Amino acid sequence: MSAMTLFYSATSPFVRKVTVLLHETGQLADVALQEVALSPTTPNAEVNAANPAGKIPALRLADGSLLYDSRVILDYLDQRHAGQSLVPAGPQRWACLTLAALADAALDAAVLIRYETFLRPQDKRWNDWLQGQQEKLERAVARFEQAVGSELADSFDLAAISVACALGYIDLRQPEMDWRQRYPQLANWYAGVSQRPSMLATQPPG
């Protein structure tokens, strides 16, 4: 019997970061996946009871306590397994966490764009606000290109997982962004890491 329960959606990039880490650290069998469907306009009562913010992922531990959001869950799971931490020690720690934070900011922008263009009626959309989110996303991807070979090197650490999941979500929701043409080093890096078993197993449905 699984010791923990993860409230999840297969298309959530924040959930995907957690499931990728579960695969990478050999903890998948310890977690039962409970799929939920929710959006800002269609909340889920069970998720709200688990996480007052009404967001996923949320992780129910064996003792019944709850962890959220993805950053807290990732930290917990990274400290739980017996292998090497996915956050490096020393000065590299702060570079890793900062890049992971930027990937989260990029995901926030991408998800907000998705909500604005998919859920909001067309006549109520705020184009200047959408442009601001898109520009934030563009700046983040440009920074990811700069990180190839330094923060994004050989190790598939927390920063790499976060960036990979962000790029995967852009491909899912904004294929027209066509970022590979402008960021060839990043494209080459992503082509490699996207073939990892953890990434293939967690690829969202199209």
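Colleague: What volume does the largest pocket have?

Modeller: About 950 Å³, and bear in mind that this is a predicted model.

Colleague: What makes a residue part of the lining of that pocket?

Modeller: A lining residue has an atom within 4 Å of a pocket point. In the largest pocket 34 residues qualify, and Phe 14, Lys 55, Ile 56, Val 111 and Tyr 115 lie nearest its centre.

Colleague: Which helices supply at least two residues each to the lining of the largest pocket?

Modeller: H1, H3 (70–80), H4 and H6 (158–173). The largest share, eight residues, comes from H4. By kind, the lining has 18 nonpolar, nine polar and seven charged residues.

Colleague: Why are H1 and H4 called oblique to each other?

Modeller: H1 (residues 13–24) and H4 (residues 92–118) pack at about 140°, with axes 10 Å apart. Roughly antiparallel needs over 145 degrees and roughly perpendicular 65 to 115, so the pair counts as oblique.

Colleague: How do you know that H1 and H4 meet, and through which residues?

Modeller: Contact means heavy atoms within 4.5 Å. Pro 13, Phe 14 and Lys 17 in H1 meet Asp 104, Leu 107, Asp 108 and Val 111 in H4. Those residues divide into four nonpolar, no polar and three charged.

Colleague: And what about the second largest pocket: how much space lies there?

Modeller: About 380 Å³. Its lining has 20 residues, with Leu 86, Pro 88, Ser 155, Phe 156 and Asp 157 nearest the centre. H4 gives the most to that lining too, with three residues.

Technical notes
Residues numbered from 1 in each chain as written. Predicted model: local features only at pLDDT ≥ 70, side-chain atom pairs only at ≥ 80, totals over all residues. Heavy atoms only, no water. Axes fitted to C-alpha atoms, helices over the stretch in contact; angles between N-to-C directions. Helix = DSSP H or I, 4+ residues; strand = E, 2+ residues; numbered from the N terminus. Parallel < 35°, antiparallel > 145°, perpendicular 65-115°, else oblique. Nonpolar A, V, L, I, M, F, W, Y, C, P; charged D, E, K, R; others polar. 1 Å grid on protein atoms, 1.4 Å probe; cavity = no way out; pocket = protein on both sides within 12 Å on 5 of 7 lines; lining within 4 Å. Points joined across faces, edges and corners; volume = space filled by probe spheres on them.
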